[in-house]
Each structure stands twice: as C-alpha cells, then as structure tokens.
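Work through the exercises below with the sequence and coordinates open. Each task is followed by a solution in steps.

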Protein chains: 2
Amino acid sequence: MAERIVRFLKGWSVVPLLLLILICAAQAQSDPLPSWKDGQVKSAITDFVERVTTEGGADFVKPEERIAVFDNDGTLWAEQPVYFQLAFALDRIKAMAPDHPEWKTTEPFKSAIAGDPKGLAAAGEKGLVEIVAATHSGITTTEFSKLVAGWVETARHPRFDRPYTELVYQPMLELLGYLRDNGFKTFIVSGGGVEFMRVFAERVYGIPPEQVVGSSGIVKFELGPDGKPALVKEPKVEFVDDGPGKPVGINRFIGRRPIFAFGNSDGDQQMLEWTAAGDGARFMGIVHHTDADREWAYDRQSHIGKLDKALDEGMAKGWTIVDMKSDWLNVFPAAK
Amino acid sequence: MAERIVRFLKGWSVVPLLLLILICAAQAQSDPLPSWKDGQVKSAITDFVERVTTEGGADFVKPEERIAVFDNDGTLWAEQPVYFQLAFALDRIKAMAPDHPEWKTTEPFKSAIAGDPKGLAAAGEKGLVEIVAATHSGITTTEFSKLVAGWVETARHPRFDRPYTELVYQPMLELLGYLRDNGFKTFIVSGGGVEFMRVFAERVYGIPPEQVVGSSGIVKFELGPDGKPALVKEPKVEFVDDGPGKPVGINRFIGRRPIFAFGNSDGDQQMLEWTAAGDGARFMGIVHHTDADREWAYDRQSHIGKLDKALDEGMAKGWTIVDMKSDWLNVFPAAK
C-alpha cells in the first residue's frame, strides 16, 4: 500500500512542481506594478483598485466614474533643479536673444541668457512672470506647440543628460497603465501650462490632450489677413491650476469628482481633500521625495515642490505616502 | 434541355428572392441614420465618415484625432421659445420668490414671477444677467446639479408638453451614435452653462461630463466649518463659450482641432471656421431651422439662434446645410 502511494507520488511529483513554476512565472509576468516594491503602499493601490472594480462589491464604482487625477511636476516626472517648463522658457530666452539686444542689459533676461541662477533668483517672481510672458505669448498656439515639440526633442537634463521626457517615473507609468487597464480614465491636473504638457502627454503618459488640465494664459481668436483663423497667446494669466485652483480646474474641465488622486506637494493638498470628501471608496496618494541618490530628497523646506501641510494632513488621515527610496524599485525608465 | 433549365430556375427562384429580402432587411436595419432622408446631406455625412475611417485612404484620420464638436441649443436640442436654460432660471426665480419678498416690486424679478415676457424683454440683457446671477450662484456646484436634475425631471415644454430633454433632435442622436461607432470622440461646445448641461448630457446624448465645453462662472474652493471642502458658485462670469470664444474653448478644453463640427447659428461661425482651417478632410454642418410645423422656422431675423453670416459663409464655402423640413424624416424622438 505504502509502495503504491510512493509510486503514485513519484509519478506525479514533477507535475505540481512544473505547475508551480508556471504559475509563479505567470504571476511575475502579470504583476502590473513591477517597479513598486511589495508592501503596504503597493497593496494600498491594488486593494483599492480591486475593491472599486469588483462587481457586486460594496465599493464598486461604475467605469465612467473611475476618474483618476495626477499632478505632473514631481508626481509623474521630476521637477529639480527647476521645473522643466522653466528650463524650456530659459532655453527659449537664449534662442530669442539675438532678436532682443535690449535683453543684454535688462533683468531678468540678462541673467537668463548668462545662465546665472543667483541673478534669476534676485529677479524673484516678477522676473519669472516676465520670462514666462516673453516666451509663452505673442505667438499662435500652433507655433507654440511646435517650439515645445522641438525643445522636447533636443534639450537634455543637466544632471542626468537625458531628454526631460525620459525623467518620468517608471512606477507612475506602470500605475497609469494599470488604472486604465482597470477601466479608469486618467487625467493630469497640474500647475504647469496646459499647452506645454499637451505636446508630450499622449506619447509619454498615454494621456490625450483633452485629459490634461493645467494653468493657462488668455488666448484670442483672430482672422489673419488671408482670412485664416488663428489662436494667439496673450501675455496674461487666465487660470492658475494650483492649490485651491486644482479642485476648481477639476470641476471646470472634468465635471466629476475623482475617486483617485496623486500629488507630491502642498499645491496638491486641496485636490486631495476634494477627492477625499466624496462618497464611497477613495484613494489619495503622495509621492515623498526621499531618494537623493537616484533622484532628489526634499520636502518641507524646498522652494520647488514644497511638501509640508499636505504631508501632515496625509499622515493624519491615512493617505498613502510613497517613500520613493524604499517603495520604488526603479525611479526612471531604463535609458533607451 | 430547356425543361431542365426551367426546372433549375424554378428550384432556385425562391432562394435569391429570399436572399434579396434578407439583404434589404439587413440594410434597412443597419442604416445608422434612419431619420435622415437619403440625399445630398446624408451622403455628405456618410461619405466623410467613410473617407476618414478608410485605412490606407488619402483622408484617413487616426481614431484619437477624430474629434467631433456639436453646439447644443438649436443643434442638439430645441431653443424656442426661449433657451431652455433660461426656462430653468425663470422656474427657479418662481421657486425662490417666497424667500425674496423684495422681488415682488423689483424688475426683472417681478416680470419673471408674473411670467410676463414683455417686462422681461424690457429688462434687457442686464435683467437677464441678474436672473442668471440670482439662480446660478451663491450655492455649491453639488447643490446646483441637484436643482438642475430636479428641474429636468419635472419641467415640461410649453408647446410640446414634454420634458425638455425629450426635445432633442432624433437625427442628431443618431449622428452622435454613428460617429462614436466610427471611432469619433463627441463633444458639446455650447454657449450654455457647462454645469447645467453636464447634468443630463451623458444620459441624453451619451456625452460624458468631461466632454462638455460651455460657458462658466467663477467657482471658489472653500473649506466649511466642518472641514468639508465645497465649490461655491459666484455671481461672476468666467468664460463665454460663444462666437470667437468657441475655438478658444476648444483649445482650452480639448486641445485638438476638431475634424467635424455642427452648429446652427452665428455663434458657431468661428468654431466652424476653426474646424475648416485644419489640414485634411473636414466636415462643417449647419442645422437650418425651416420647419414651423414640426419645430420652428427662423434664421436671419431671430433673436434666438440668429443664423445670418454663418449661413452666407456656409453656402459660399460648401458647408453642409441641413434643411430641417426636407432632410429630417423625424425631428424629436417618439414620445415615451
């Protein structure tokens, strides 16, 4: 009898082993978030998605209401040493300088051309506004898109010597895809310029232009002398999609309250609060920049991406705080 | 030999007849635009859709760029004797009157409560703005949506004695579905209030809130005494999505130029021009209200939905002009 059992077991022993290997391989392959370390943060994400997508479950959310919003700077891509859109503006100033000899002696342009960060800092917010106005207006929306597209093609980040659009976070790219595979509609809700982000958002994040919410300047419709219509960008701020402007932007552009929101700074606090205040299951996430080696480490004292009040509120209310250093197995995609 | 042929034909004669009947029935069933009379206008629509969806064809457009925009008032639903949103506002004034005894003696509220169109007309645009401000502000976006939803449920159109949301154009519902079945993304781009339309656009038109572009008032983010965030509507216009504002709204909300646009009034002229000015195949359509029996007949002299310059431009440039009376087999959906 014992012999028969042994024979039986021997005969089959290799089959379950193979099966086990196959199952493990399939599971490894099918992990939708391979750059997220297994643990609390990753489980918080996958548990939430499972809850809201389980038909008949208490937390089920209809696909059309699965709205997920993401800040861009510091949440989907890096934002140091300066916001990438500012890097674009400074490069534009240099390119435009030959047509503006007066800039050689006028701040903030003089410092921008010289690449002098101290001079730029001294020019303060007023200087910044002048640089953005000079580089983001007086042209048509079509011309502006072409300039951004050209810059994205050629500009390289000073520390990593890679195109800026490669300094996106691999774990967040996986998260965007994972949410979309689960019926979510993914949106960017950023303080950045909407027309700047739309140039690359579809290719880089898989987020189409109509799902990008951002800050904007006044745009005017004009008929040219040839009767051809154009949209001309004016040097006047129309909407600042930051802080309390984020829920306003969500209301204006999306018209539905998100059930999932991810940010990284105090500028995202109201967006996270607005998301949290809805009925039913909610996910609020914060990227905490804790990795000076692979990226940067900054929070409460930073001029860029300051994370202070939102961190306190997130910790107090049990939002999901991503510790970049320990929760992310990769930061950026492998170089191409 | 002849006999054999006759026998052969007799044996088969019933089969092709049956086939013919089946094919015709299938074709009739599969006509995606049954409320559009066969003819130039219908062919212009179906030919265009075929051209831009034929892979490898000269006019092929990738699905993500198949953006179709529709005006709402007078294009997707009726707009007489007054814009339906104004009917909502006037009903709201009546409902709010008990809390505003001062309105009994103050115009334009007095005329609004009395249902006196002459008094309202005398109050002019200033009066209109006061009525919209009184009914569309001082409440949260959530409360406003509930009020609109309640009104849509109960209010009935004075001429047709049907809910306003049943006074949508059956041919346009078919067109929206036909475009979506062919990979188009359909948007509303209307002078109407964005928060008003979003309440019913998904149910009535199959257009989700995030694909509704419209006029808006300033909205403020506020934290209530309970720490609960709210978006409060203020009595201040933020954006008028009409005339030259329509291409601006398209740029702001959609960020891509449409390849297909439908309007019915001079307020749609710039949207149609902006659509026409893009590269590649384009469709520009205008609904011409020519049917006083089934709907209304109005154009160049109308205070509501004035169609004058856009009609001239459309005729000169070969845009598709729908003659409601002759091109539409049905106007409204069958009563439920």
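**Exercise 1. Strand β6 of chain B**

Task: Find how β6(B) is connected to β7(B), and which strands pair with β6(B).

Solution. Step 1: a hairpin of 6 residues leads from β6(B) to β7(B). Helices (H or I, at least four residues) and strands (E, at least two) are DSSP runs, numbered from the N terminus. The model is predicted: local features need pLDDT of at least 70 and side-chain atom pairs count only at pLDDT 80 or more, while totals for chains, interfaces and linings use all residues. Residues are numbered from 1 along each chain as its sequence is written, and chains are lettered from A and ligands numbered from 1 in the order in which they are written.

Step 1: β7(B) (residues 297-298) runs antiparallel to β6(B), with 2 bridges between them; B:His289 has B:Tyr298 as its bridge partner. Strands count as paired if DSSP finds at least two bridges between them.

Step 2: β8(B) (residues 320-323) is parallel to β6(B) over 4 bridges, and B:His288 is bridged to B:Asp323 there. β5(B) (residues 260-263) is also joined to β6(B) in parallel by 4 bridges, with B:Phe262 opposite B:Gly285.

Step 3: between β5(B) and β6(B) the chain passes through helix α10 (residues 269-276) of chain B, giving a right-handed β-α-β crossover. Right-handed means that, with the strands pointing away from the viewer, the path from the first strand over the helix to the second runs clockwise.

Step 4: β6(B) (residues 283-290) is largely enclosed by the rest of the structure, because 6 of its 8 residues are buried. A residue is buried if 20 or more other C-beta atoms, placed from the backbone, lie within 10 Å of its own.

**Exercise 2. Strand β1 of chain A**

Task: Which residues cover the two faces of β1(A), and with which strand does β1(A) share 4 bridges?

Solution. Step 1: A:Ile67 and A:Val69 lie on one side of β1(A) (residues 67-70), A:Ala68 and A:Phe70 on the other, and all are buried. In a regular strand, side chains alternate between the two faces of the sheet.

Step 1: the 4 bridges go to β2(A), which is parallel to β1(A); A:Ala68 is bridged to A:Thr186. β5(A) (residues 260-263) pairs with β1(A) in parallel over 3 bridges, where A:Val69 stands opposite A:Ala261.

**Exercise 3. The two chains**

Solution. Step 1: 27 residues of chain A are in contact with 26 residues of chain B; contact requires C-beta atoms, placed from the backbone, within 7 Å. On the chain A side, α9(A) gives the most, with 6 residues. The classes on this side are 15 nonpolar, 5 polar and 7 charged residues. Ala, Val, Leu, Ile, Met, Phe, Trp, Tyr, Cys and Pro count as nonpolar, Asp, Glu, Lys and Arg as charged, and the others, Gly among them, as polar.

Step 2: The same surface serves both copies, as 96% of the contact residues of chain A recur in chain B.

Key
Two residues are in contact if their C-beta atoms, placed from the backbone, lie within 7 Å. A residue is buried if 20 or more other C-beta atoms lie within 10 Å of its own, exposed if 12 or fewer, and partly exposed in between; C-beta atoms are placed from the backbone.
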